[in-house]
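Q: Please take a close look at one part of this model. I would like to know how it sits against its surroundings and which way its sides face.

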Amino acid sequence: MTDSPDPHPPDLKAAAMRFMTSIWRLHRDLGHELGPLLAEGAHTDPRTYFLLNTIRDGAHYPKTLSECLGIPPNLLSRLLTDLHSQALITRQVDTQDSRRVRLTVTTEGQALLDRAEAIMHDRLGARLKQLSPAELSVLLTALDRLSSPETPPTCTGPHP
């Protein structure tokens, strides 16, 4: 049995614009909603959360972290210096290659992640509850399919 072509193919230009507009609005809305909550409840911001989360999830080297998050190396260096000065990460010479610095989330950094994740899960869960289980499954499957399949394993966590 062959599928017959759809007699009314979607207008891909309109669909692309609707998709981009919806993604942008969701990103903006979440930023406005989560930013103040993270500042108040976890004493952090979304950028710090994503940096720490990505390090915890396996991006232990600045080059890998830069590639995962799309942050230029010079900016990343300043951000890592800030995280280190706040005792949220450690920087150690790699035991396998002394030219490399290995990043690790500290106990304080993990506590911050735990507080931030509780806030984010609460808020995001409330939004996701608006979808039926079937709709949520379709959404997540579609987003996985549309996202980059070449993403390294250390970049597969919840990163922007």
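A: A crossing is called right-handed if the near helix is turned clockwise from the far one by less than a right angle, and left-handed if anticlockwise. Helix 3 makes a right-handed crossing with helix 4 (helices are DSSP runs of H or I, at least four residues, and strands are runs of E, at least two, numbered from the N terminus). This is a predicted model: local features need pLDDT of at least 70, side-chain atom pairs count only at pLDDT 80 or more, and totals for chains, interfaces and linings use all residues. Residues are numbered from 1 along each chain as its sequence is written, and side-chain values use heavy atoms, without hydrogens and water.

In the contact (heavy atoms within 4.5 Å), P62, L65 and S66 of helix 3 meet P73, L76 and L80 of helix 4. Five of these residues are nonpolar, one is polar and none is charged (Ala, Val, Leu, Ile, Met, Phe, Trp, Tyr, Cys and Pro count as nonpolar, Asp, Glu, Lys and Arg as charged, the others as polar).

L65, S66, C68 and L69 of helix 3 are buried (under 20% relative accessible area, with exposed over 50%, 1.4 Å probe, protein chains only). Because they cover an arc of only 165° around the axis, they lie on the same side of helix 3 (the arc uses directions from the axis to the C-beta atoms). They pack against helix 2 (46-56), helix 4 and strand 2 (101-105). The face turned away from this buried side carries the exposed K63 and E67. After helix 3 comes G70, with a positive phi near 70°.
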